[in-house]
Amino acid sequence: MTVAFDKTPNRKRVGRALLPLAIALAMLGSTSLASAQAQKPLIIARNLAVNSLDPARTTCDTCNIYLYAVYETLVRLGDDNKTITPALAEKWEVNDNNTQFTFHMNPKAVFSDGSPVEAKDVKWSWERLANLQGGMAWLFETVTSIETPDARTVVVKLSAPDSEFLGKVIAPYSGVVNSDVASTQGAKASKDGAASDSAEPWFLTNSAGSGPYVLGGYSPNDELRFKRNEKYWDKPAAIAEIVIKQTKDSVAQAQALESGAVDIAMQIAPDTARTIKAPDVVLESVPSFNFLYMALSPGAKANTVPLTLKVRQAIAYAIDYKGIIDFTIGGAGKVVPVAIPNGFPGTDGLPQPEYNVEKAKQLLKEEGLENGFDIESVFPNENYYGVDMSTLMQFVQQNLAKVNIRLQLKPATFPVWLDTVKGDHTPLTASFYGPDYFGTDQYVKTFGMIPGTRWLARSGGDKIEGVLNNKEKELLDKAVAAPINERDELYHQIALEMIKDRIIVPLVGPDTVLAYSKNISGMKYSVTSILPLQDLSFAQ
């Protein structure tokens, strides 16, 4: 650039002439800074708790983050956590009763080694998940056949209608593996070969996916490292390298974030978040799809009085739901009407739980229990989603005391609690639940009072008259076979029935705290991936 000036300098003229140069230099500096930031690793603090990195064997929250970033699925969940969008499959069709799903692969999709993602890889990956019988094999328990009429078409047939099968396809565990590469490392998809599959150690040091990142390295109880997939077929990741550093508890994560040692802290409890004062830290509280619940067991051996419907209703009316949110997590949560997350199909417009001590007393009087009764509670003495279970149950104890129900708290380790609820049960307990995929049927099949569900058995409802709810089963059979526009109304009716059961009573839906440096963009909470790494970038 040439700057013109006369022999007698004019400061204003020179200043105006030099201004474009200054702007250009500033822009160059900004670009260089952004480029430098994009090349430096982004550090995330999190308790890893990884059980495996083999897509067919793993099941953990960190695993969700890993799989979603490394192994692309056929379809994705949009930013609204509701809309299904294309991924490896550019389009798909569903038959009238939701028993056949046909996917058409995107011809642009390639694995990290540059080879094309083909229908045979989908078939191999899903059959391996089902046949190895890992923790998430049940996602495909109704699949009877996977056909590949050509390299770009996958036809899946189910043994029963499933209107939420696409939600299971979105689950990170359904990610597609490069079958040619994994097979050479001892991975086997057939039922006969499952027992001799020897690929799990290889998956700890290598990846074979088509996602925006590849495995950069894994050191147990230390770090999980991601590197950008330079051959990614869709929008490339903005950050070249991401590292999740093992940081076990909320306080340690907060300290690392405040000191600048990490860019993101993923498991900050609401009470810890209130102590963070660093000006460069951004804190957001967003609704999650997790909740903690109280469960009543009419069939428990230790019951001192029959837990009839009216008694269960009285217990539910005695709980101060808004108060429990304030007491346990300082108000950073939501009321959950039914054992289905807010925002999932069928939950819109549900009646809110009611806190009514007088109504609770009246119901107990009608059952001849105006003087109350003693009831025990074995519960896991843990902390879930920032909620201390002992604190939660102490609040429940105080609430029930107002209606003369004397709750005896018996905190236990998780294994002891699990043995108790599976064995002789416990009259009243509490636990937690988070989604495995975006779909309501998983909650009905867990908490509904229908044959074969987890909590029909744990409540002893399969041995006590009046607990089984056949209407829920009838509605579920219709919902899984219905088109989407009819399905949600059927799930809404099921939710109303589950509320009436008064076996499972949600207590609190804790918000998720997003805690990160202000130089990070793209932070969001996802029901499937928890944190989509490919959406992150360093702010310009």
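Which residues line the largest cavity? Keep that in mind as you look at the structure above, which is a predicted model. The lining is made up of Pro 55, Ala 56, Trp 124, Ser 125, Arg 128, Leu 129, Tyr 173, Gly 175 and Val 177. Find them in the sequence, then in the 3D view.

Start with the idea behind a cavity. Rolling a probe the size of a water molecule over the atoms shows where empty space is left. In this model, the count comes to two cavities of 30 Å³ or more. What kinds of residue surround it? By class, six of its lining residues are nonpolar, two are polar and one is charged.

Now move to the second largest cavity. It holds about 50 Å³ of space. Its lining consists of Val 338, Ala 339, Phe 447, Met 449, Met 498, Ile 499, Asp 501, Ile 503 and Ile 504. Eight of these residues are nonpolar, none is polar and one is charged. Which helix gives the largest share of this lining? Helix α17, residues 484-501, does, with three residues.

Next, turn to a sheet. Strands of a sheet pair through backbone hydrogen bonds, either parallel or antiparallel. Here, four strands form an open sheet in the order β4-β5-β7-β6, and the pairing is antiparallel. At the edges lie β4 (89-94) and β6 (143-150), each pairing on one side only. From one strand to the next, the twist averages 20 degrees.

Zoom in on one pair. Strand β5 covers residues 100-105 and pairs with β4 in the antiparallel sense, over five bridges. Take Trp 92 as an example: its bridge partner in β5 is Phe 103.

Helix α3, residues 119-132, lies across β5, β6 and β7 (153-158). It runs at about 165 degrees to β6.

Look for it in the loop between α15 (454-458) and α16 (470-481). Is Lys 463 buried or exposed? Its relative accessible area is 63%, so Lys 463 is exposed, since the cut-off for exposed is over 50%.

Note on methods: Residues are numbered from 1 along each chain as its sequence is written. This is a predicted model: local features need pLDDT of at least 70, side-chain atom pairs count only at pLDDT 80 or more; totals for chains, interfaces and linings use all residues. Side-chain values use heavy atoms; hydrogens and water are left out. On a 1 Å grid over the protein atoms alone, a cavity is a set of points where a 1.4 Å probe fits but cannot get out, and a pocket is an open set with protein on both sides within 12 Å along at least five of seven lines; lining residues have an atom within 4 Å of a point. Grid points are joined across faces, edges and corners, and a volume is the space filled by probe spheres set on the points. Ala, Val, Leu, Ile, Met, Phe, Trp, Tyr, Cys and Pro count as nonpolar, Asp, Glu, Lys and Arg as charged, and the others, Gly among them, as polar. Helices (H or I, at least four residues) and strands (E, at least two) are DSSP runs, numbered from the N terminus. Buried means under 20% relative accessible area, exposed over 50%, partly exposed in between (1.4 Å probe, protein chains only). Two strands pair if DSSP finds at least two bridges between them. Axes are lines fitted to C-alpha atoms, for helices over the stretch in contact, and angles run from 0 to 180 degrees between N-to-C directions. Contact means heavy atoms within 4.5 Å.
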